[in-house]
Amino acid sequence: MENSVDMKKAQNKLQVGPSPHIRTRRTTKSMMIEMLIALVPPIIAASYFFGWWVFVQLAVASGVAVLSEYAFQKMTHRKVTIKDCSALVTGTLLGLSFPVTAPLWVVTVTSIFAIVVVKQWNAGLGNGGIGRNYLNPAVTARVCAKIFFTPFFTDWVLPTGFSAGPYGGVDAVSSSTPLEFIGHGAQSVSNQVPALRELFLGVNLGGNIGETSKLAILIGMLYLIFRRIISPKIPLLFIGSTVLVMCFWGSFDLEFMLTHALTGTLFFGATYMATDYSSGALTPAGKTVFAIGGGVLTALLRLVFDYPGGLGIAIIIMNICAPFIDQKLMPRIYGHKKRPNVKFDRQNPNQL
């Protein structure tokens with residue numbers, strides 16, 4: 001049997017690594033750098049509207065995230081992976097998710113929580129790291145921070161320009177966000193909500209520093225799509241599903257639909273967070289279900305549960321469901337009518 005194959009040796013040569021599984025020469029580091037480039041437009045808009053303190057906030061969030069990952073991996077004798085820039089991306093996303101008035105100690109605690117508890121410890125659900133996380137670190141940390149540090153998330157301030165001082169040059173002056181006037185079961189747009197043009201550009205709009213200008217986020221989204229870092233399916237279906245629910249709820253009121261699309265975290269989350277390879281669905285059909293489910297949940301949380309900023313919770317719910325969605329929607333093997341019955345286990349990538 002000269003031509004026989006030793007199956008044991010062959011299986012040892014076959015190795016499957018954790019996601020992302022992409023047929024390209026790109027590395028995790030190169031994709032994270034592309035993500036950072038796509039975040040430049042929101043960063044520019046944030047500094048233009050809220051002042052130079054934005055850079056201090058971003059430096060603290062991203063610096064603490066990288067140092068936390070380095071310290072945790074050193075202390076647990078794991079391979080140090082800070083050079084893949086994933087912790088830097090998580091920190092930058094978190095920094096853009098706070099209002100300019102957020103105390104730096106809140107930013108610091110949230111960054112440590114995102115990296116140590118959610119990313120590396122995997123919330124106690126197994127080994128963490130890219131490809132093994134069940135929850136998106138930035139989204140989960142942001143939701144937890146909003147629960148425990150609510151007063152610091154409600155001190156919205158209107159833009160004061162680039163030359164504004166520390167914390168936007170103001171002392172905790174509260175200002176309502178447009179979402180508060182169209183949530184809680186509302187079916188029409190209050191006259192206290194800014195015009196659609198202002199919502200799109202972020203002019204005279206309070207909120208988290210990276211989320212007020214939808215124009216800047218749209219530029220970042222188009223860059224990621226053009227560079228094929230993300231599929232347009234997820235952000236478009238996510239935003240479209242939310243808008244469609246609002247379409248029926250608002251009796252096809254176009255202004256009501258567009259106002260919901262342009263307020264809150266919807267654009268930012270659908271572009272930079274719902275598209276996470278590690279915690280989202282991986283199969284083609286699974287991505288469709290993930291995006292539509294997230295968009296519908298976001299709308300329901302805004303309307304039914306009186307929770308205007310429900311996008312973070314919606315993404316976390318879909319993160320939890322993603323492995324089960326992938327398991328049920330595995331692509332059919334050519335020539336077979338049924339989908340393969342494969343148990344998807346992120347803790348054992350070689351099982352995929």
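# Exercises on a predicted model

Helix 7 crosses helix 16 in a left-handed sense. The model is predicted.

## Exercise 1. The helix 7 and helix 16 crossing

Task: At what angle do helix 7 and helix 16 pack, and how far apart are their axes?

Solution. 

Step 1. Take the geometry. Helix 7 and helix 16 (residues 311-328) pack at about 130 degrees. Their axes lie 9 Å apart.

## Exercise 2. Salt bridges

Task: How many salt bridges does the structure hold?

Solution. 

Step 1. Count. There are 3 salt bridges in the structure. Side chains of opposite charge can pair when their charged atoms come close.

Step 2. Take Arg-227 and Glu-34. Their side chains form a salt bridge at 2.8 Å, N to O. Arg-227 sits in the loop between helix 11 (214-226) and helix 12 (233-249), while Glu-34 sits in helix 2 (residues 28-38). The two are 193 residues apart, so the pair links distant parts of the chain. Arg-227 has 33% relative accessibility, so it counts as partly exposed. Glu-34 has 8%, so it is buried.

Step 3. Take Glu-69 and Lys-119. This salt bridge spans 2.7 Å, N to O. Glu-69 belongs to helix 4 (residues 53-75) and Lys-119 to helix 6 (residues 104-120), 50 residues apart. Buried means under 20% relative accessible area. Glu-69, at 0%, is therefore buried. Lys-119, at 4%, is therefore buried.

Step 4. Take Glu-211 and Arg-142. Here the N to O distance is 2.5 Å. Glu-211 lies in the loop between helix 10 (196-201) and helix 11, and Arg-142 lies in helix 7 (residues 137-148). The partners are 69 residues apart. Both are buried.

## Exercise 3. Buried face of helix 2

Task: Which residues of helix 2 are buried, and against which helices do they pack?

Solution. 

Step 1. Pick out the buried residues. They are Met-31, Met-32, Glu-34, Met-35, Leu-36 and Ala-38. Glu-34 is the salt-bridge partner of Arg-227.

Step 2. Find the neighbours. The buried residues of helix 2 pack against helix 3 (40-50), helix 5 (86-96), helix 11 and helix 14 (266-272).

## Exercise 4. Aromatic pairs

Task: How many aromatic pairs are counted? Classify the pair Trp-105 and Phe-149, and the pair Phe-248 and Phe-252.

Solution. 

Step 1. Count. The total is 5 aromatic pairs.

Step 2. Take Trp-105 and Phe-149. The ring centres are 5.4 Å apart and the planes stand at 85 degrees, so the pair is edge-to-face. Trp-105 is in helix 6, and Phe-149 is in the loop between helix 7 and helix 8 (150-153). The pair therefore ties together parts that are 44 residues apart in sequence. Trp-105 is partly exposed at 48%, whereas Phe-149 is buried at 16%.

Step 3. Take Phe-248 and Phe-252. The centres are 5.3 Å apart and the planes are at 65 degrees. Planes over 60 degrees apart count as edge-to-face, and this pair is edge-to-face. Phe-248 is exposed at 55%. Phe-252 is exposed at 56%.

## Exercise 5. Surroundings of Phe-256

Task: Where is Phe-256 found, is it buried or exposed, and which residues does it touch?

Solution. 

Step 1. Phe-256 is in helix 13 (residues 254-261).

Step 2. Check accessibility. Its relative accessible area is 0%, so Phe-256 is buried.

Step 3. List contacts, leaving out residues up to four places away in sequence. Phe-256 touches Ile-182, Ala-186, Gln-187, Ser-188, Val-189, Met-246, Trp-249 and Gly-250.

Step 4. Compare sequence with space. Phe-256 and Ser-190 are 66 residues apart in sequence. Their C-alpha atoms are 9.4 Å apart.

## Exercise 6. Positive phi

Task: What phi does Asn-204 have, and what phi does Arg-228 have? Place each residue.

Solution. 

Step 1. Asn-204 is not a glycine, yet its phi is positive, about 55 degrees. Asn-204 lies in the loop between helix 10 and helix 11.

Step 2. Arg-228 is not a glycine either, and its phi is about 60 degrees. Arg-228 lies in the loop between helix 11 and helix 12. At 72% relative accessibility, Arg-228 is exposed.

Key:
Residues are numbered from 1 along each chain as its sequence is written. This is a predicted model: local features need pLDDT of at least 70, side-chain atom pairs count only at pLDDT 80 or more; totals for chains, interfaces and linings use all residues. Side-chain values use heavy atoms; hydrogens and water are left out. A salt bridge is a side-chain nitrogen of Lys or Arg within 4 Å of a carboxyl oxygen of Asp or Glu. Helices (H or I, at least four residues) and strands (E, at least two) are DSSP runs, numbered from the N terminus. Buried means under 20% relative accessible area, exposed over 50%, partly exposed in between (1.4 Å probe, protein chains only). Rings of Phe, Tyr and Trp (its six-membered ring) pair if their centres lie within 6.5 Å; planes under 30 degrees apart count as stacked, over 60 as edge-to-face and the rest as tilted. Contact means heavy atoms within 4.5 Å. Axes are lines fitted to C-alpha atoms, for helices over the stretch in contact, and angles run from 0 to 180 degrees between N-to-C directions. A crossing is left-handed if the near helix is turned anticlockwise from the far one by less than a right angle, and right-handed if clockwise.
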